[in-house]
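Please keep the sequence and the model at hand while reading.

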Amino acid sequence: MSFVSAFNSLPLKALVERSLAASTDAARASIAKAKLSLADFAHLISPAAADLLEPLSRRSQQLTQQRFGRVIRLFAPLYLSNECINNCKYCGFSRDNPILRVTLSVEEVVREAQALRAQGFRNLLLVSGEHPKFVSTGYLAECVRALHSEVPSISLEVGPMEIEEYRPIVQAGADGLVVYQETYDRSVYADLHTAGPKRNFEWRMETPERTYAAGFRRLGIGALFGLGDWRLEAISVAAHADYLLRNCWKAQLTISLPRLRPCAGEFQPLTYITDRELVQLVCAFRLMFPDAGLVLSTRESPKLRDGLIPLGITLMSAGSHTEPGGYTGAGKEKLHHTQRGRIVELGASEWAAAGPDPHATGQFDIADERSPVEVAQLIRRLGYEPVWKDWDAALTA
């Protein structure tokens, strides 16, 4: 049985209603528990628990320091390609968006990684749109193989694949894979994904299990907040995380809490989660999953990121670029549009419109533009230690 079967039998509506109706006493009792159920998690994200944010935050901070110490691990996303065959209304890389696209060569990927290594990073997340013509399994494995000697920790966030397609990437040296369900609301998912293989809700949902079977030992999941009701999404992510911890128990698990940001296509959020609710959600995930890594990206503002560091976050990106070639300018001489999988070269007027320093279009706008050095300095000022290296395969050899 996969998580799809468990998800289909999940009383999501009842759990959301339980959350909305929870009393202060029920929320307080759940905060005090050593081991939480999904019902307890629903209490922790309730309106009643919002009035208990101070004790909730204090308990979250205690658990985080107990399990992880005063350490914040840093990583950087490295975008390989913004080509995509999917139409996803909320994504800047969506197939029909008239954006500047490029796929970096392996040599250009190495140059980007070297620039990040010079900044201190030893933990990279390779990100790509989903387009097998440009981003094949062989290409991904070659990129990982080229980086593995210099970057001890490599994860991927790419289109879902079969188990056998993942194996060469693991053998090349990748140890982690991140996949967001985006939204766990089937009807919202169907409306937002209008073309491409990403339309298959259940195929995407089973991806972490396939990656585990292929040999990945770090699994990352999450929902993109701003699409479905945030409490429904949070309860679904919690159920998914609980399933993976029980059934893929040899792997480390991370949970990401991204919120929608402006991007090409100008999609507007369908729902909202406030800063205060996001803080509450981080603390709820920490109490529910004391040993899971909680990830915070540069989608969030510097002020909010700084405030969340002591409350449960264990992994942060810094100095991020969401476009291929963002760290070195690699690939800008190959910019183009894509129509039905075919490269369409830019005309003279399009090059002129791109300005004196053209670059590929990013997936979304970041909110925290501080350099990695500035983020590391802030972490130290808060009494924590920034760690640039998250994993080394040699330790498990």
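The sections below go from the whole chain to single residues.

## Basis of the model

This is a predicted model, in which local features need pLDDT of at least 70 and side-chain atom pairs count only at pLDDT 80 or more, while totals for chains, interfaces and linings use all residues. Residues are numbered from 1 along each chain as its sequence is written, and side-chain values use heavy atoms, with hydrogens and water left out.

## Overall fold

The protein chain has 17 helices and 13 strands. These are DSSP runs numbered from the N terminus, with helices being H or I of at least four residues and strands being E of at least two. Along the principal axes, the C-alpha atoms fill a box of roughly 65 × 45 × 40 Å.

Of the 397 residues, 60% count as buried. Buried means under 20% relative accessible area, exposed over 50%, and partly exposed in between, with a 1.4 Å probe and protein chains only. Among contacts (heavy atoms within 4.5 Å) with a separation of 6 or more, 77% come from residues 24 or more positions apart.

## Nonpolar cores

A nonpolar core is a set of buried Ala, Val, Leu, Ile, Met, Phe, Trp, Tyr and Cys residues joined through side-chain atoms within 4.5 Å. The largest one has 113 residues, of which Phe41, Leu156, Ile255, Leu281 and Phe285 touch the most other members. Helix α13 (residues 230-247) gives the most to this core, with 10 residues. A second, separate core of 23 residues includes Tyr79, Tyr90, Cys91 and Phe364.

Beyond its neighbours within four places in sequence, Leu156 is in contact with residues including Leu125, Leu140, Ile169, Leu177 and Phe216.

## Helix α9

Helix α9 spans residues 163-172, and its Tyr166, Ile169, Val170 and Ala172 are buried. These four lie on the same side of α9 because they cover an arc of only 155 degrees around the axis, the arc being that of the directions from the helix axis to the C-beta atoms. Glu164 and Gln171, on the other side of α9, are exposed.

The cover over the buried residues of α9 includes α8 (137-148), β4 (153-157), β5 (176-178) and α12 (207-214). Just after α9, Gly173 takes a positive phi of about 130 degrees.

## Salt bridges

The structure holds 18 salt bridges, each a side-chain nitrogen of Lys or Arg within 4 Å of a carboxyl oxygen of Asp or Glu. One joins Arg67 and Asp291 (2.8 Å, N to O). Arg67 is in helix α6 (residues 53-68) and Asp291 in the loop between α14 (275-288) and β9 (293-296), 224 residues apart. Arg67 is partly exposed at 37% relative accessibility, and Asp291 is exposed at 55%.

Asp191 and Lys89 meet in another salt bridge (3.6 Å, N to O). Asp191 lies in helix α10 (residues 186-192) and Lys89 in the loop between β2 (87-88) and α7 (106-118), so the pair ties together parts 102 residues apart in sequence. In a further pair, the closest N and O atoms of Arg259 and Asp275 are 2.7 Å apart. Arg259 is buried, with a relative accessible area of 13%, whereas Asp275 is partly exposed at 42%. Salt bridges that share partners also join Arg305, Asp306, Asp368 and Arg370 into one network.
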